[in-house]
Every structure is written in C-alpha cells, then in structure tokens.
Number of protein chains: 4
Amino acid sequence: MADKMRATIFLGPGRLVLGEKPVPEVGPLDALIRITMTTICGTDIHILKGEYPVAPGLTIGHEPVGVIEKLGSAVSGYEEGQRVITGAITPSGWSNASLDGCHAQCGAGTPHGWKALGGWRFGNTIDGAQADYLLVPDAMANLTPIPDGLTDEQVLMCPDILSTGLGGAEAAKIRIGDTVAVFAQGPIGLCATAGARMMGAAEIIVIEHLPERCAIARRMGADHVVDFAIEDPVSAIMRITRGRGVDVAIEALGKQQTFEWALRALRPGGTLSSLGVYSEDIRLPLDAFAAGLGDHRIVTTLCPGGKERMRRLMAVVASGRVDTSALVTHHFSLDDIETAYDIFGHQRDNVLKIAIRP
Amino acid sequence: MADKMRATIFLGPGRLVLGEKPVPEVGPLDALIRITMTTICGTDIHILKGEYPVAPGLTIGHEPVGVIEKLGSAVSGYEEGQRVITGAITPSGWSNASLDGCHAQCGAGTPHGWKALGGWRFGNTIDGAQADYLLVPDAMANLTPIPDGLTDEQVLMCPDILSTGLGGAEAAKIRIGDTVAVFAQGPIGLCATAGARMMGAAEIIVIEHLPERCAIARRMGADHVVDFAIEDPVSAIMRITRGRGVDVAIEALGKQQTFEWALRALRPGGTLSSLGVYSEDIRLPLDAFAAGLGDHRIVTTLCPGGKERMRRLMAVVASGRVDTSALVTHHFSLDDIETAYDIFGHQRDNVLKIAIRP
Amino acid sequence: MADKMRATIFLGPGRLVLGEKPVPEVGPLDALIRITMTTICGTDIHILKGEYPVAPGLTIGHEPVGVIEKLGSAVSGYEEGQRVITGAITPSGWSNASLDGCHAQCGAGTPHGWKALGGWRFGNTIDGAQADYLLVPDAMANLTPIPDGLTDEQVLMCPDILSTGLGGAEAAKIRIGDTVAVFAQGPIGLCATAGARMMGAAEIIVIEHLPERCAIARRMGADHVVDFAIEDPVSAIMRITRGRGVDVAIEALGKQQTFEWALRALRPGGTLSSLGVYSEDIRLPLDAFAAGLGDHRIVTTLCPGGKERMRRLMAVVASGRVDTSALVTHHFSLDDIETAYDIFGHQRDNVLKIAIRP
Amino acid sequence: MADKMRATIFLGPGRLVLGEKPVPEVGPLDALIRITMTTICGTDIHILKGEYPVAPGLTIGHEPVGVIEKLGSAVSGYEEGQRVITGAITPSGWSNASLDGCHAQCGAGTPHGWKALGGWRFGNTIDGAQADYLLVPDAMANLTPIPDGLTDEQVLMCPDILSTGLGGAEAAKIRIGDTVAVFAQGPIGLCATAGARMMGAAEIIVIEHLPERCAIARRMGADHVVDFAIEDPVSAIMRITRGRGVDVAIEALGKQQTFEWALRALRPGGTLSSLGVYSEDIRLPLDAFAAGLGDHRIVTTLCPGGKERMRRLMAVVASGRVDTSALVTHHFSLDDIETAYDIFGHQRDNVLKIAIRP
C-alpha cells in the first residue's frame, strides 16, 4: 500500500479537483477501506455550488463500497480483505442520539450527545469516499459485510439513496392499502416509490416530467405517472383519487413548489414525508395547512445509517425485492471524476447515478 | 318543554346576538340535550372576527354539558334525564375517516368518507351549544354519561380544551424523561402542559407573559416559566437545557412567531406539536428546519372526539389527575353571553374560560 | 322477492342443514344483501365440530359478497342494486371499542362498550352469510361498494381471509428488511405470507407439508419452504438465518406445536403474531420464552373489519398487489353446501377455499 | 489504589462469599468505577438459588453507583473522579441489536449481532457490581454522569428497578385515561405503578398483600389496593371496572398465578406486560386467551439500558416525578453483604431494597 492516494477535494464554491492526500492513519476504533466503487450524490452538487457549507480541502463523497484494508487495534469481528459497505451516515453507536435510535443526528463528542446532521460525517465533517481509501470511524457500528453474490453495483445505492428513499416511506408509516404520491423521480424519489410499494401502498402516483425517469418509476412500482408539464399535479391526484387525496405524499425534490403540491395533495389527516434538501425557507399556505387543524403530520428524514440498517438493505437487494441497478446510468473511473461531476451536476445525458471506480 | 329557545347566533363578522330559534326536531339517530353549562372558545372569537368562516344565522359554541331531553327513535343505551357531555368533535363513527380512527376529519356524507375538519360540527356546520338546547347527531357515538360526583364545571373543559391540550401532548408521543416546551399558556396551552406532565415529561418549560397564567402553569406541571418579554425564549430554553434543546415543543398560540420559536427550540430529531389555529401562512426558516435534514416531525391536532375519548377524559378528571377548575375564571348566565364575549374576546380581567349557564 | 329463503343452519355439534328461513326484516340502521357469493371458513368447521359454541338454529357463514336488496330507513349513501361486500367483522362504529379502533372487540349494546369477539356477529351471534339473503347491522359502517371491474371471486377473500392474514403481518409490525416465518399455509397462512411480502419482509420462510400449498406459498411471496415432515422447522429456520432466528413468526394453524415452534424460531426481541383459533391451553416453555426476559411480543388478531378496511383490501386486490384467486379451488351452488362442508371439513381433494353461489 | 479488592462471589447454588479478587485491568474501551453504592436484586436471589445459571466464581450484582477511577485509552468525554451510574444492561452500542434499539438483547461479539439477554453482562457474563470496583465495558455507551444534587441513594434504583418498572409501563404503551392493574408490589412492581401513573393512567389497581408495600404503592400512584388474600383479584378488578376489565395488566412477580390473573383481568384487546423472571412454563388458559381471538398483546421487558436511558431516568428523579427513596429499607456495608443476602433472600423485616456501601 502506497502512502499517498487520490482524493476528490472540495476547494470552495464551484471548485473541485482530483488531488493527492496521504492515506489516513488508522486509530483504534477505525477501519481503512480501499474503495472499489462509489458515486456522486445530489448533496455533493449542493456542496459544490456552495449551497451547503463544508470546509475547503475536504474530500467529498459519502457512498462507499470497498474492501477492508486495515482494522484499528480495538476493532474485532471483521477481517482484512472483507468486502464491505458503510452507510452515508456513520453513527457512533454510543452517543445519546444513537442510543436513542436517532443515528442521523448522532452527537458523538458533544456535551449532550445530539448534533444536527451529526451522523453524516463522510464528505461533510471528515474526509469522504471519492478517493482511493476511506477512513471509517466507529468501525464496529458501521462496517457491513456484503452478502456473497452481490456485486458492487448492486449494493452501491444502499449507503444513501436506497436508505433515504425507503426511509421516506418508513417515516410516513405507510400502511397496506394506502394511496401514495411521490413528487420527483430522481434517484431518491425512485427509491421512495420502491419503498411505498414495499410497504403495501395500493396505489402509487408519481409526479415527474422526464420520460426515462417515468419509465423507471413504473418498474419501481408506480401505478400512475403525472407529468407536471401537462397537468397540474394536485388536480391530477384529486382526479385519480376521486377527490379524496392521498394518505401519504413524499417530497423528493427540495423545492417550495413540490412541498406545497405535496401538502395540497393530502387527504385530511394525511402525512407529508419530506426527503428534499432545501435551499430556501418553506412556506405552509394557510389553506393547504387547514389553518393548522387538519391533523397533518410533516416528517423529515436525513438518511438512516449504521450497520444493521445496511444489513437490512442488502438483504432486500439480495432477495430481489428491489433492483436499483437501473439507477446506474453511467460509469467512470476516479481519474475522470471531474467529467462525472460535470455530467451529473448539469443533468446531462439522462444521467441518474454514476458509478465511479478508483 | 317550550318549542322556542334562546341561541347565540352569529350574524356575520363582528356581529353576534342572543336570539330565538325553534327547539330542534329529533331525528332517529339524534339526541336532544338541554344545556346546563357551556363556554366560549378562542375559536368562537376567530369566527366572530370573521377569521374562520361559518354561515350567518348559525348558533355557535361547541362545548356542551347537559341533560338528555329526548332520544331519537333508533338510539338505545341511554335514558332521558341522564347527565352527559359530548365532545366538540362529534364523529359519526361510521365514516371511513372515523372507522380509521381519524374522528376529527370525519367525512360522513361525503363520497369517500373524509372531510377536512368534518368531525367538528357544533357551531361550525350545524347549530351549536351556546343555547338552551343542542341537537346531537350520531348520538350513540357521542353521548357520554358524566360519572357520579363530578360537577358540570369539573367536566366543562373535556369537550374541547382538555381533549385538545392533552391531544397535543399525545400527538407528540411524549415519552418518560422528555424535556418539553409549551408556547403560550392560554386554556389549551395549560392543558398541553398538564398533558406533558401526565405523559412523563421530566422537565417542562412554558413560555408565557401573564403572571396569572404562569401561576396556573406551575400548578399544571410546569417546571420552568419563561417570560418572552424578558428573555428570548429560544435562548432561555437552550440555557435551561444546556444547549441540547427540547424533545418536544408544543405550539399553543397560533402565530408565526411562536411556531418558529418552537421549531428553533427543538433538539435534532425533535417533534413540534401544533395546536394553534393560524390566520396566516406559516414559514419554516431554512436554518431552523435544518434544510429539511433534521429528522424533525411536525404534527397538528384539531381535537380528539367521540364518546370513548370523553369517557377517558372524565376518568382522568374523576381520579384527580388533572384539575381544570382553575381555568374557569368567570361565570355568566346565557342572557349575558354578549357581555361574556366582550370580556373573553378582549381578554379582559385576566379571563381564561367563562362558564355559561342557560 | 320471496319471503322465504334458503339458509345453512347449524343444528348442533356435527349437524348442519340447508333449511328455510324467512327473509329478514330490515330495521332502520340495517341493510339487506342478496348474496351472490360466499364461502366456508375454518372457523365454521370449528363451529360444526362443537369446538366453538354458537346457538343451534343459527345461520352460519361470515364472508359475504352480494347486492344491496333493501336499505334501512336511516341508511344513506348507498343505492339498492349496488354490489357490495362487508367484513366478517361488522363493527357498530359507535361502541367504545369501535371508536377506539378496536373494531373486532366491539361492545355495541354492552354497558361499557367492549365485548370479546363482539365485532364478529355473522354466523356467531346473528344469522350469517351462507344463505340467499343477509341482514347487515350498522350498515353505514359496513357496506363497501365493490370497485368496477372486480369479480365476486376476486373480492371473496376480503371479508375474512385476506383481512385476517394481512392483519397478522400488520399486528407484527413487520418492517422493511425483516425475516419472517409463517407456520402453516392454509388460506389464512397464505395471506399472511402475502402480507409479509407486502410489508417489505426481505426473507420469508414458510412451514408447510402439502405440495399444492407450498406451490401457492411461493406465488404469494415465500422465499423458502420448509416441510416439517422432513426437517425440524426450528432447526431449518436457524440454518437459513445462520443462527439468528426470525424477526417475526406468524402462527396460522392454531396448535401448541406450531405456537411453540414459532416462539423458538424468534430472534431475541422478536414478535410472535398469532392467527390461530385454539382448542386447547397454550404453553410457553420456559426456555423458549427466555424466562420472560427475551423482550418478546406476542400479539393476536381476530380480523380487522369495517368498511374502510374492506375498501383498502379491495384497493389492494384491484391494483394487483395480491391475487387471492388461487385460493379458490372449488365451486358449489348453495344447494350443495352440505357436500361442500364435507369436502372442506375433511380437507379432501386439495381444497383451499370453496366459492358458494346461491 | 490497591491491586486487590473485595467482591461478592457466587460459588454455586446456595453458596456466596465476600472474597478477594484482583482489581480489573482496564482495556481501551473500558472504564473502571469505584463503587460507592450498590444493591441486591431479586435476580441475584434467583442466581443464588441456582434458578438462573451463572458461572461459579463470578462476582454478582448489576446495580452500580460509583466514581470513575480509570478510563480506557480510547474513552473520551469523561473525567476521572466523576460520579456516574451505568445501567444493569450495558449495551455495546455497536451490535446489530443495539443499533436497532434492542439494547437488552445486544449481541456484541456474536456473528449476527443478537443475543438473548446479551445486554445484561454485570453479574451474568462478566464480573458485577457488588465489589469495591467494577469494570464497565463499552464505557462511552454506558457511563452516565449523576446530576448535581442527587445522592447515591436517590439514583440507586435507576440502573435496574426503575428502568425495568417504568419499562413495563412503556412496553404496554399505556395511554392517558387507561385503567391499569399491577400484580405484586415488590420494588419492580412499585416502579411499574409509578410508570403507569407517569404515563397518564387514570385508574391504577394494585394487587398485593403486605401492608407496607400497599402503603408505598399508594404513594407511587395506586388508586385501589386489592389484597389477594381477601378477595379474588380478577373479581375485584371486574367489580372496580364494572365488568370492563383493564386496558393494561402488568405482571411483576413471575408466577403462573399472577400471569393468569393478569390475562383474565384484561378487557378485550388489552395488553399484558410481563416483568417477571419465571422459573416454570407459562400457560395461557384457552378461555382467558379467548382462543387466540381476543386481540391481546403480551409483551415482555428485560430492562432498558444504555447511558441515554440512564440520563432520562435521573432527569425523572431530579425533577421529583418519582421518589424511589422509600424503596430503600435497609443499609449495609459490603463487609456485611452475606447478612444482607440473608435478609433480602428471605424477605425478612419488611425489606424492599438494601443499599450496600463498600
């Protein structure tokens, strides 16, 4: 193993380079993973645009698939050479938030044990996965062996996209027989659609414009596809549900417009599950919010993490319950990551997700 | 029984009179109650001000305590002369919403069985309780005998104030050991404080300015009282919780300011339970909403209703778990209801709730 | 309409005849349905054997598909001639139990509003569905229009088998990624398998011996089939789960043996969901029950009912999420119901469910 | 610090001595606590009697209050000299069970991450707390600073008795207005009574014979006390609830008799929450279990653990919500622990809990 490695480094708004960094030192609770596949997330684009602040100099990326290169002295239960993933969220396990089941808001190291977004460390507060090697903190809570027979590409969506998308369905507590609308069918929206289907929704309406995404949405479980460029989504939903509205609306874009549509699409007493990363204040219109008297629930989900979550998601993939391979539309090597960012950031060439191989 | 009765009639924004109406006819599923005590709600003031629309000519009021005068031909299980209450919310029991447990959004008579605020009928869509007699629809789902030994005044808060206030704590799923903030200590806020205490909150912080309300808040279970005129509530909460924030924030006023304070007071992953009746759009500031990534829950509650709810609340009162008698600060006869509205609507004389006796 | 009708009458243990009864009178809250299809349930066999007591002279059967013949004077929202089903469980909507969401234990008419099995009336406490006509009490809470395009046979399992089977999965609170075992693949077990699949179980293990049932189980979602005649089910489950055990075990037979297997198959902290109708005391072996220290949950489900439940189930069928048509292995006319009972009661001819047409 | 210490050593059934052991070595993730107060649990008596198997030579006891003596090299966030408790259950935080929120069944070190009772380590699988020093594994998940102003005695019940007792109420999901019965008012039953009260039960019925315990039960929140030596408890409960039964029955003794009473006391659809440590198979009588058709839930709870749980419980104590000091009826020094076991094991002298000071 060399002592230098390639890393995708954020230099400041709009500036990103594939540079060189030392291979990290491995502390007693850490593990070093050699990355075999990773990908770029919409959140990385927010970072690149300066819409979400991270420190210049940080390696970005939070979706790792790899092989254990080295284990910390206090880490047991794993072997070097083992194929593993970790979630985008790497909870400590031992923070108060984590012990309370709120892994994404893990406050390891804070006085009281809770920290907003604290479970998201890779490419946010510590070096991330778009590199040759990745240092995994609290390794025993996070390293998850890949079941035999699953390829890197098959599990590439588990760390973030699948966990977040399904998480949006779970947070909404979808029940058998529910009618569900999902706003936007990007990678996370598509996984939310899959989640609604997996939880027993009887009727799933997705709102999307791009034909390629609409086609994949149907494969993920959508029953109705509404093109917002052709029909007002709320009217369409009321038409389809004969005036009732949906039990659950999942917002998977991150805009006021989709949030508001989602709220207006709900039946009284319905649940809005938000998966968007917003860049502006969100407004709840008085009428849509029923003056606060509609028994509405609005829930937000960062991304569930930790090795038990990853184990469960890979079991779902292994049993064929969901197939995320259609989401990987492009492949690049790490050397070409700047090109990959250009394609992904500008949504060129019908891109959904890009697999990056170091 | 005369065939005419007194009734508090809404004539249009700002206009209300004690007029005369015929005593209602009793249909097969109905019951007629002779009102022995009722009260005025903040929502009635919204109606009077024209902020919440109801049809001119309607009798208002939705908090009835009374005696069964006459039962519909298909109603069994009750006796004339029995002392009863019904909730402010009178679910049908048989609508889809009601069968699904969502009584406040009961859609009896609609094609699909759900209707926004549909469970709230008295003084909203049918004649209400500030009158000599009240016609109760779907009587078997709503008439609730008053346990022996409880006075009218003791149960007067059950139909709305106590059900709503406790409902805000319940919807937030407060757990033993939680820290809870309650914004505003009007009648509903005070009952939310009682609800937080009843569900095991270890530390309750209330935000209120009026000394009389602060004093009652302490009796209802508040551990800390923050006067927003003296200290910024969010700073105070962060000081008291040593930077952690609260697990649950209950908004009981209905303003952007209190809603926003509530959101900012939450720990990551916390729950905002809203009980306010809003008159404006609500804004979720980007930072307070953690860009949608804070695993927040926002829940709203109209008011749980139906006879099982009322039975439970009166059991709570009967066992002394909560004493709402301190909330009744004034007594008036029905003949003086216009004066009562003047005092209550202008919050004169430290008024909390006014008991009205026909 | 004639004033006499055919009815399947229980005369006492072991004795059942197709006899004649008057067509029922319709009270104000009732509806009369002309049965177009019904079926025989395992519970009917319990009744016939004298294992579950009902009054001699009662018409049995609780799974109705039909057409509205006549509506009670106080019933609105339906039309005569409409195709409908009602659940096997017909909650009042207005009992305390029903208002609390516990429809199957509806205590309509009792002093306190709860009654064990009280929601199950057809063929238990009032005349049932294996007849030309059926009187439906509390019609507005129970009549559910059949969506256009669905045949009688497609919805025949909704009143009981599908509602109960899915109910077992729901009561267990199956989560995405769970491993689930289902003990016995009779009609209800098969629907429990479908329910586990619909709720996102990643791996489903069924325990069954009959090859025909094993084949259908795979179509309903089973990943592994264990033949208890060949391999000890608990050992097989531990082999398949590599020693972990299952998150949820569903017992769908009603015997000590299967109950005990289910308990032993659980991982620590797992949930046993029982759907069986037992005829003997159930024993929790000390070791399997972990001396009471295993954080186990044991939940039982009678059968969820009411029109909102039926609406949801038919939505599930309409969208193709589950296909129960494979469960109907035989067809008979009402005139031949005694033969049908003979085949079903003795499990001849690979019978699963028998559709009966009057 | 000496290198030898006193320790209460289990030698085999019926045999226990205060012996000498080396002070433990501190590994990187561990902490060493100097015990300042501990106590004896009913489970220790089970161990002593040979009813629950542990390895001869083990130091027993699992309820530690102490001072941090030494921290492992990888442990941060604490200081030597700090006053702390840890739960009786010491989850790893990083096992699959722990990450899934099931701390008491933590499977740290097992292949799949779940282990029956695995979270209970002190005095079960590793040396326990009835000694001068205690080695705490996974210290960062378990060490919990004692809030200023709380004495050792005030927090002594938190590690086990209070956590378990409240846990029984929580697992039952008690709601505001419930009627609850608690069977047996030993230390855990008394805390279950407190838990029922803290969660909003409107009416609490306890079943106990000893007058001293009955008196404390009333202080913990009981409304009715039934002496099983005078009246059949099930009859008494049906009398008090006017035939309805209780929503929740908590079994806190660990015998067939109390378990069966609890089951029979339930209303249809009620929940039995079991806290007992059983020494025999448990039988569910067919009628009491409603042939499996009663929509019953039976839940068991070992004891919630981890530092967030302990923090919450001490917050409850600090705010005066519950006062467990009445449970400590005796004080002994560690040198007299054999006498303490004799008194506690034979329930002499109205003993409830014995505080032991090294």
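This is a predicted model: local features need pLDDT of at least 70, side-chain atom pairs count only at pLDDT 80 or more; totals for chains, interfaces and linings use all residues.
Before anything else, a word on method: copies are superposed by least squares on the C-alpha atoms of residues with pLDDT of at least 70 in both. With that in hand, a rotation of 180° with 0.0 Å of shift along its axis puts chain B on chain A, at an RMSD of 0.0 Å.

Residues are numbered from 1 along each chain as its sequence is written, chains are lettered from A and ligands numbered from 1 in the order in which they are written, and side-chain values use heavy atoms, with hydrogens and water left out.

Let's start with chains A and B. How many residues of chain B are in contact with chain A? There are 42 residues of chain B in contact with 42 residues of chain A, where contact means heavy atoms within 4.5 Å. And 100% of the interface residues of chain B are also interface residues in chain A, so the copies meet through the same surface.

The area buried here is about 3,800 Å², with carbon and sulfur atoms giving 58% of it; buried area is the accessible area (1.4 Å probe) that two parts lose on being put together, summed over both. Leu293(B), Asp295(B) and Thr300(B) supply 18% of the area that chain B buries against chain A, more than any other three residues.

Now the charges. The rule finds 4 salt bridges across this interface, each a side-chain nitrogen of Lys or Arg within 4 Å of a carboxyl oxygen of Asp or Glu. Please look at Arg175(A), which forms a salt bridge with Asp100(B), with the closest N and O atoms 2.8 Å apart.

Which elements of chain B give two or more residues to the side that touches chain A? They are strand 12 (266-274), strand 13 (282-284) and strand 14 (297-300) of chain B. For reference, strands (E, at least two residues) and helices (H or I, at least four) are DSSP runs, numbered from the N terminus. Strand 14 of chain B brings the largest share, 4 residues.

Strand 13 (residues 282-284) of chain A and strand 13 of chain B pair in the antiparallel sense over 3 bridges; two strands pair if DSSP finds at least two bridges between them. Within this pairing, Leu284(A) stands opposite Ile282(B).

On to chains C and B.

Together the two chains bury about 1,600 Å², 65% of it on carbon and sulfur atoms. In chain C, Trp94(C), Leu99(C) and Glu308(C) lose the most area to chain B, together 37% of what that side buries.

How many salt bridges are there between chain C and chain B? The count is 0.
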